[in-house]
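Visitor: I am new to this structure and would like to learn how to read it. Could you take me through some features one at a time?

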Amino acid sequence: MNTVGLLKKGARDLAWFIKGVMGEDAYDKYRAHHESRHACDAGETPPVMTEREFWRDQTDRQDTNPQGRCC
Amino acid sequence: MGATPRTPNDSMGEAGVLDRDPALLPVALDQTTHDAEEAHWTPAKVAIWGGISLLGGLSWVMLAVVRGETVNAIWFVFAAVCTYLIGYRFYSNYIQKHLLKPDDRRATPAEYKADGKDYAATDRRVLFGHHFAAIAGAGPLVGPVLAAQMGYLPGTIWIIVGVVLAGAVQDYLVLFFSMRRGGRSLGQMARDELGKVGGTAALVATMAIMVIIVAILALVVVNALAASPWGVFSVSMTIPIALFMGCYLRFFRPGKVSEISIIGFVLLLAAIIGGGMISSTEWGAAFFHVDPVPLAIGIIVYGFVAAILPVWLLLAPRDYLSTFMKIGTIGMLAIAIIVVRPEISAPAFSEFTANGGPVVSGSLFPFLFVTIACGALSGFHALIASGTTPKLIEKERQTRFIGYGGMLMESFVAIMALVAALSIDRGIYFAMNSSPALTGGTVEGAVAFVNSLGLTGVNLTPDMLTQTAKDVGEATIVSRTGGAPTLSVGLAHIMQQVAGGSGMMAFWYHFAIMFEALFILTAVDAGTRVARFMLQDSLGNVFPKFKNTSWRAGAWLTTGIMVLAWGAVLMMGVTDPLGGINTLFPLFGIANQLLAAIALAVCMAIVAKRGMFKYLWIVAMPLAFAAVVTISASFLKIFSTIPAVGYFAQNRAFSEALAAGETSFGTAKTVAAMEAVVRNTMVQGVLSILFVVLAIIVMVTAIQATWRSWKSRDFGTSEDPAVGSQMFAPSGFLPTAAEKELGASWDAQARLEKSARSARSATRNRS
């Protein structure tokens with residue numbers, strides 16, 4: 001791989017890492033989970049939340065299940 | 001895939017469950033493969049580890065033995081990093097091999113309970129960042145600054161050795177045990193292992209400790225912002241910024257977390273720069289100049305409102321901002337310390353090791369070990385390690401990298417904070433960290449006080465204090481206790497050598513203040529919420545209605561109770577005639593270490609129940625140390641006859657003075673102030689008694705449970721039943737050769753399946 005290719009890969013990996021740590025990939029993970037669970041099911045698959053619904057649901061769940069932050 | 005269980009107690013009746021069809025790809029490497037890889041010492045590996053050991057050894061010699069005029073900060077970095085690497089490679093591996101025996105054939109909760117939301121397998125490197133962001137806060141930044149009073153060596157040794165043998169062990173064990181129990185919390189594990197009495201004591205202690213920790217963190221913010229218009233402006237701007245971010249994510253672009261964090265970060269920088277402009281105007285300086293008491297009231301009101309607002313509006317966006325700032329600033333500071341390599345002129349052991357000094361009262365033992373809690377051993381981490389992280393972990397063996405490794409990172413943050421505090425002039429350090437009761441809060445008073453301490457090599461002039469204050473854009477730096485301002489001066493001092501020169505010092509100072517305030521406000525808000533749910537849960541046992549957490553009135557009432565509890569302690573600290581931080585900070589450290597003792601006690605009972613007495617010392621050693629430190633510190637705080645150390649001795653001294661009709665005593669200049677001291681010391685003393693009694697109950701029940709396991713030889717486990725895993729992932733940061741090979745086979749299989757799936761759907765579409 002040439003230098004430009006390496007730099008591009010580095011930038012991509014960094015973006016992937018930051019998105020992961022910040023939790024931005026939560027919806028993609030949810031979708032992937034949903035698809036893999038219901039990929040082989042015959043017939044109806046349960047409805048999947050849209051992106052907007054998912055993020056609302058996520059913060060609303062935190063309302064009833066708070067997580068401490070450390071000192 | 002060996003079907004034989006590796007521990008007799010672990011896999012009772014599970015062997016069948018974990019057997020996997022040999023035709024399928026294996027989900028784990030055989031233990032013998034791991035052992036063989038580990039035992040294979042290539043010349044390159046020998047050279048690398050030899051080099052690490054030599055460099056580590058040399059650094060310790062430079063720190064501990066060589067006595068020059070100054071010592072370079074780079075030796076702290078090398079000593080820490082080399083010791084961490086050796087501790088991680090050898091000690092945590094030993095714990096993994098002999099005590100925990102993770103089994104990657106077992107599915108983790110993220111796999112067998114997967115719901116795509118709370119339980120979701122997360123890449124180990126991402127989860128490491130995630131876990132680190134959750135455990136690292138203001139604690140490791142503040143404690144080491146205060147402990148710098150005793151010289152550089154005691155704090156350095158405790159931070160580095162303590163984390164390897166105690167702090168990281170605790171985090172690793174709690175994470176592993178919680179993961180084996182479907183992500184159960186520390187409180188639930190305490191109930192399971194220690195029974196009703198121990199479990200209840202652990203729960204009450206956790207709640208009380210949460211209150212005290214939130215209160216003292218809030219006190220640190222008040223001390224950093226009081227009478228600082230610049231700081232007040234920029235930190236209060238974080239609230240509208242967070243509200244804006246929350247609305248953006250809710251209504252405009254849901255899920256664009258990095259995007260809004262970058263926008264928020266730019267706004268934050270604008271708030272810092274704007275703060276500088278506004279504080280230089282006459283009206284700005286007057287309007288944003290807030291005294292400690294109104295500021296404390298403001299934070300109490302803020303805490304209440306923030307804890308009842310929906311998470312999406314304030315907590316979640318500020319959490320993103322705080323994570324972003326945390327990882328960025330800590331990385332930046334690490335690079336800056338390596339680039340600047342400041343010379344440190346503080347002595348290895350200062351004049352204050354035997355009897356304490358103006359910053360922290362009491363002798364090195366036990367008070368060093370409670371002043372530096374986070375960074376060496378922090379009980380609070382047990383709540384995180386038994387919270388979100390165990391529900392996200394992919395494979396059992398990854399607990400070592402995330403639990404043990406994550407804590408090593410936090411310890412490194414503590415070392416950097418210590419270096420930053422030590423890099424500033426010692427005279428300035430003592431002028432900033434001695435309470436206003438000692439310095440009178442004036443430049444002249446501070447100069448007179450610090451020079452009267454008779455410290456070798458310290459000659460403070462009024463000019464040094466006024467110039468530093470001017471450089472960092474503050475009216476004064478005298479008696480800015482609490483650690484945050486000192487750290488910020490240190491950070492500004494280091495950063496300006498990398499970027500901006502002395503003209504940028506004021507910016508860096510307020511950047512650092514903002515950085516700390518941001519974590520602390522998030523911790524205050526999240527801590528209040530967690531404590532409220534704990535209270536609701538406990539009250540629910542008596543009044544079932546409280547169990548319904550969506551009952552608005554109940555939520556408001558319990559939030560109000562928790563806020564009043566920490567608010568009262570905060571007010572006590574703010575108005576304390578003796579200084580506040582120096583009387584309350586030991587309580588913070590003791591509380592945190594007692595929580596660590598509770599967590600380790602639960603771990604000890606679990607290890608005993610598994611029947612692994614041969615390796616019980618791995619838990620018993622840090623537990624014994626934490627117990628000795630905290631119990632002796634508590635006893636000194638309760639029974640010491642020296643007023644500066646003992647709460648009740650202080651109480652008696654002031655009561656007697658009041659009874660004798662005196663109108664001023666020591667640093668309390670009025671009768672009202674004397675009465676405040678009597679009241680505060682009584683509350684502090686009673687809290688000390690409460691903590692130590694609860695912790696002793698937990699430890700005694702844990703010892704009983706351990707003894708029962710030993711006597712009855714009736715071993716078992718409260719783990720969830722084993723479920724076979726269906727996936728593979730490497731365990732450490734970098735995959736080993738064998739892991740790489742197996743991972744490649746899994747990748748190839750995934751590609752095959754994918755193309756088969758698309759072929760199938762293509763046929764379906766055609767028909």
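Guide: Gladly! Let us begin with burial: a residue counts as buried if 20 or more other C-beta atoms lie within 10 Å of its own. Please keep in mind that this is a predicted model.

Visitor: Which residues of α7(B) are buried?

Guide: The buried ones are B:Gly139, B:Pro140, B:Leu141, B:Val142, B:Gly143, B:Pro144, B:Val145, B:Leu146 and B:Ala147. Helix α7 of chain B spans residues 139-147, and with nine of its nine residues buried it is mostly covered.

Visitor: Next, please tell me about nonpolar cores. Which residues touch the most other members of the largest nonpolar core?

Guide: The general idea is that in soluble globular proteins, nonpolar side chains tend to be buried together. Here the largest nonpolar core has 262 residues, and B:Leu217, B:Ala218 and B:Val602 touch the most other members. Helix α9(B) gives the most to this core, with 25 residues. Take B:Ala218 as a case: leaving aside its neighbours within four places in sequence, B:Ala218 is in contact with B:Ile299, B:Ile520, B:Val524, B:Trp566 and B:Leu570.

Visitor: Now for the two chains together. How many residues of chain B are in contact with chain A?

Guide: There are 48 residues of chain B in contact with 27 residues of chain A. On the side of chain B that touches chain A, at least two residues each come from α6, α9, α11, α14, α16 and α23. That side divides into 28 nonpolar, 16 polar and four charged residues.

Visitor: How should I read a pair of packed helices?

Guide: Two packed helices are described by the angle between their axes and the distance between the axes. In this model, helix α1 of chain A (residues 3-22) packs with helix α11 of chain B (residues 257-280) at an angle of about 85°, and their axes are 9 Å apart. Angles of 65 to 115 degrees count as roughly perpendicular, so α1(A) and α11(B) are roughly perpendicular to each other.

Visitor: Which residues meet there, in α1(A) and α11(B)?

Guide: From α1(A) come A:Ile18, A:Lys19 and A:Met22, and they meet B:Val257, B:Ser258 and B:Ser261 of α11(B). The residues of this contact divide into three nonpolar, two polar and one charged.

Visitor: Could we look at one residue of chain A? What is A:His34 in contact with, leaving aside its neighbours within four places in sequence?

Guide: A:His34 is in contact with A:Val48 and B:Gly116, once those neighbours are left aside. A:His34 lies in helix α2 of chain A, residues 26-38. With 17 other C-beta atoms within 10 Å, A:His34 is partly exposed. A:His34 and A:Met49 are 15 residues apart in sequence, and 9.6 Å apart in space from C-alpha to C-alpha.

Visitor: What should I look for in the backbone?

Guide: Most residues other than glycine have a negative phi, and most peptide bonds are trans. Against that background, B:Ser479 has a positive phi of about 55° although it is not a glycine, and B:Arg713 also has a positive phi of about 55°. The peptide bond from B:Phe365 to B:Pro366 is cis, with omega near 5°. B:Pro366 is placed in helix α15 of chain B, residues 364-371.

Visitor: Where is B:Ser479, and is B:Ser479 buried or exposed?

Guide: B:Ser479 sits in the loop between α21 and α22 of chain B. B:Ser479 is buried, with 24 other C-beta atoms within 10 Å.

Visitor: And B:Arg713, is that residue buried or exposed?

Guide: B:Arg713 is exposed, with 7 other C-beta atoms within 10 Å. You will find B:Arg713 in the loop between α28 and α29 of chain B.

Conventions: Residues are numbered from 1 along each chain as its sequence is written. Chains are lettered from A and ligands numbered from 1 in the order in which they are written. This is a predicted model: local features need pLDDT of at least 70, side-chain atom pairs count only at pLDDT 80 or more; totals for chains, interfaces and linings use all residues. Axes are lines fitted to C-alpha atoms, for helices over the stretch in contact, and angles run from 0 to 180 degrees between N-to-C directions. Helices (H or I, at least four residues) and strands (E, at least two) are DSSP runs, numbered from the N terminus. Angles under 35 degrees count as roughly parallel, over 145 as roughly antiparallel, 65 to 115 as roughly perpendicular and the rest as oblique. Two residues are in contact if their C-beta atoms, placed from the backbone, lie within 7 Å. Ala, Val, Leu, Ile, Met, Phe, Trp, Tyr, Cys and Pro count as nonpolar, Asp, Glu, Lys and Arg as charged, and the others, Gly among them, as polar. A residue is buried if 20 or more other C-beta atoms lie within 10 Å of its own, exposed if 12 or fewer, and partly exposed in between; C-beta atoms are placed from the backbone. A nonpolar core is a set of buried Ala, Val, Leu, Ile, Met, Phe, Trp, Tyr and Cys residues joined through C-beta atoms within 7 Å.
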